[in-house]
Amino acid sequence: MHPLLVHFPIGLLLVALLFELIDWKRKSTGLRDATKILTWVGAGSAVFAVTFGLLLASAEDASGDSLEIHRWAGIATMTLAILATLSLRSDNRSLYRGLLLVTVFGVSLAGHYGAMLTHGDDYLTSVLPSSGETKPEGADEPDFVLTNNGALNPQQVQDLNVEVRTILAHNCYSCHSETKTKGELRLDSKEAIMKGGEDGVVVIPNHPDKSEMIRRISLPKGHKEAMPTKGKRLTEREVKILKFWIEKGALWPDGKEKSIYRVAELAPRTPAVPAPTGDLVKPVDLFVNAYFKKNKLEWKPAVNDRIYVRRVYLDIIGLIPTPEQVEKFVADTRPDKREILAKELLSRNDDYAQHWMSFWNDALRNDYSGTGYITGGRFDITKWLYTSLEQNKPYNWFVKELISPTKESEGFIKGIKWRGTINSSQRTEMQAAQNVSQVFLGLNLKCASCHDSFISDWKLADSYAFANIFADTLLEINRCDKPTGKIAGTKMLFPELGEISVDASTEKRLRQLADFLVQPKDGRLYRTVVNRVWAQLLGRGIVEPVDMMDNMPWSEDLLDWMASDFVTNGYDMKKLIFTIVTSKTYQLPTSSVKEASDIMANDYKFTGMVRRRLTAEQFSDAISSAFNPMYADSLVVYKRLPENFKTRLPFARAAFVQNDPFLTSLGRPNRETVSTSRTSQANLLQALELTNGNKFTENLKAGSKKWRTKYPTSDSLVTELYRQALGRRPMPKELAAAVKILGPSPSEESIQDLVWAIALVPEFQLIY
């Protein structure tokens, strides 16, 4: 249903609902006739709106979550409107009223999301009195706008040009660039801007008041000529900069253009470690201390032993410690007991591999079922991956065996052969290019696989040249799925690492690529993995998002030193983890964020670990070890694992069963695309699954029978349940409340209620 047409059916159906409600009281024949007419016309207009909306969305290349919700809400509403009409015809008034009420709600929802597509996500909030900008005049404006009243010097021209091109790239290139040229207007080069479009010149140097560009971006939202036509409007600051640029003559510096995007240094760097101070002696802590001083932040006391032992168990092996393990650690008086514990956990090779399998399965999109496995268009790497983790294979060899693969490890670069017709940007060679660049180099080639990227300097030709390294025959470049007739050669994304032989066999090209990527001089490869592990252990990367390694790290020195140390220590992943979990930085109290977006904010300040929710696998395994196994042993995918794997598994760990609705609701991805991070925010699906989901409910039922038999009295049952789940005895108030739930003689139902309550408390669900 298209948003421009939604007002007509919603108006008709609302009036029909109003007439029906009045008729409910008055029994008026005239109102009934009017209701019938309005309902029929409303249903017909809904069908028309859906049909027209689908055609228009396709023609305008619309996409995104809002479009999908809008589309299906519209289709559902159309169906409901038709059913309401049919129920009216059969004179079933009660059914009609119910369907009509739901239809009005549905068409309102569809209209809301449709308006988001045409007017931006803030189309409602932007008109509220509180939505106006409250920044003082001149805030956040560049110096050349605030201070310059005469000619600009060369540096100011360069800075202004970067600002202008950044504004145009983020707001205009999706419709006015080489990829898509609406109205024959391009805004991605000096020549194109000065040329204008089919309606004439858009920029008149020195005259912003006469420039069509300024007129269009200054028009009020909703005006048919306002630009941009979709999404958010330009801010006052952005409009002011464009006006200033034109006023100064629409200056464009000569020579090579400076990138509008930050590009991180490729080469490694080993910054000097700050001098020890007080009890801070480890390099990680000294770099963090320098950061704290710079940002006027104070060190907080380290977490207590109970918090640390649970935290490090979950982070290294993915399991909660037993009550005995907790008490033993708390009673230990050795000053280096935290380092000793970390070494002990890292030496538990199978437990370590079983936990970190989920992290690498997500990143390497390896799963046990799904698209491609039935048709033979996808290859499993489970056995190779588990063995590599269990043996702690050096990371450089780990990468080499994935890129220049053996039969057991080829599934990653082979990709998924999708059934049916696919977009050219999803052929397996391009998948390999996208996945290798994302996982190992922390850069996104997906946009540049279809057209020149709008979010980086990567070009379509770069993606195809890199994809050709994986191809048996050179690929023709397709722009937005349309052949261009051009053939790319073969080229590394970072040519300074080496040159790939275009005439070599695919096998030899992959060996060259693997050798070039793992060189010590490829600082980006090692910064990327260090950043991923840091994010996994502390809840937020030194660079965020972790797939955008050109973003500014909150501590460049810390990231560079850790990457250099990782190489010096033989690419040892366990040593990297040990370095992090034994630092005082890792032992700081957790902090929380009000909004998920706060983690990505440019002004983010590191104060310690970000509080995290247990992953799907960690939560399932915690329930299994503390209360009752979530999965039967028969569900483990033993055929995909080493032959003697069954003897290594403490119970059916969730990492080794096929995905199901329970794990999906808790955040396990389907792994048909690379997934390098999972959200830690609770969501509605998770809440519904944990309160009403069949899987969790059946587990509670089965477990309660065992617990009732083993612990017949309420006090003993509560005490042991707290020890197993939380690693401590219940406090007096907790014991009293729990006993009240259980009653004098625990029933299976009351045990279920108590376990459910404990499983949902933050102390169980979160890593503090």
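Which helices each supply at least two residues of the lining of the second largest pocket? They are α10 (283-294) and α22 (556-568), and the pocket is the subject of View A. The model is predicted: local features need pLDDT of at least 70 and side-chain atom pairs count only at pLDDT 80 or more, while totals for chains, interfaces and linings use all residues. Residues are numbered from 1 along each chain as its sequence is written, and side-chain values use heavy atoms, with hydrogens and water left out.

**View A. Lining of the second largest pocket.** The space in this pocket is about 1400 Å³, and 43 residues line it. R262, D550, N551, M552 and N602 lie nearest its centre. Helix α10 gives the most to the lining, with four residues. By class the lining has 23 nonpolar, seven polar and 13 charged residues. Nonpolar covers Ala, Val, Leu, Ile, Met, Phe, Trp, Tyr, Cys and Pro; charged covers Asp, Glu, Lys and Arg; the others, Gly among them, are polar. On a 1 Å grid over the protein atoms alone, a pocket is an open set of points where a 1.4 Å probe fits, with protein on both sides within 12 Å along at least five of seven lines; lining residues have an atom within 4 Å of a point. Points are joined across faces, edges and corners, and the volume is the space filled by probe spheres set on them. Helices (H or I, at least four residues) and strands (E, at least two) are DSSP runs, numbered from the N terminus.

**View B. Salt bridge between R723 and E324.** The closest N and O atoms are 3.6 Å apart. R723 lies in helix α28 (residues 714-726) and E324 in helix α12 (residues 323-331), so the pair ties together parts that are 399 residues apart in sequence. R723 is buried at a relative accessible area of 17%, whereas E324 is partly exposed at 48%. Buried means under 20% relative accessible area, exposed over 50%, and partly exposed in between (1.4 Å probe, protein chains only). A salt bridge is a side-chain nitrogen of Lys or Arg within 4 Å of a carboxyl oxygen of Asp or Glu; the whole structure has 40 of them.

**View C. Salt bridge between R653 and D621.** Here the closest N and O atoms are 3.1 Å apart. R653 lies in the loop between α24 (616-626) and α25, and D621 in helix α24, so the pair ties together parts 32 residues apart in sequence. Both partners are buried: R653 has 1% relative accessibility and D621 has 3%.

**View D. Salt bridge between R668 and D367.** The N to O distance is 3.2 Å. R668 is in the loop between α25 (661-665) and α26 (684-692), and D367 is in the loop between α14 (349-363) and α15 (382-390), 301 residues apart. Both residues are buried.

**View E. Hairpin of β1 and β2.** Strands β1 (residues 476-479) and β2 (residues 482-487) pair in the antiparallel sense over three bridges; pairing requires at least two bridges found by DSSP. N478 has P483 in β2 as its bridge partner. Two residues lie between the strands, and C480 in the turn has a positive phi of about 50°.

View F. T528 is buried, with a relative accessible area of 1%. Leaving aside neighbours within four places in sequence, T528 is in contact (heavy atoms within 4.5 Å) with V439, F440, L441, G442 and M549.
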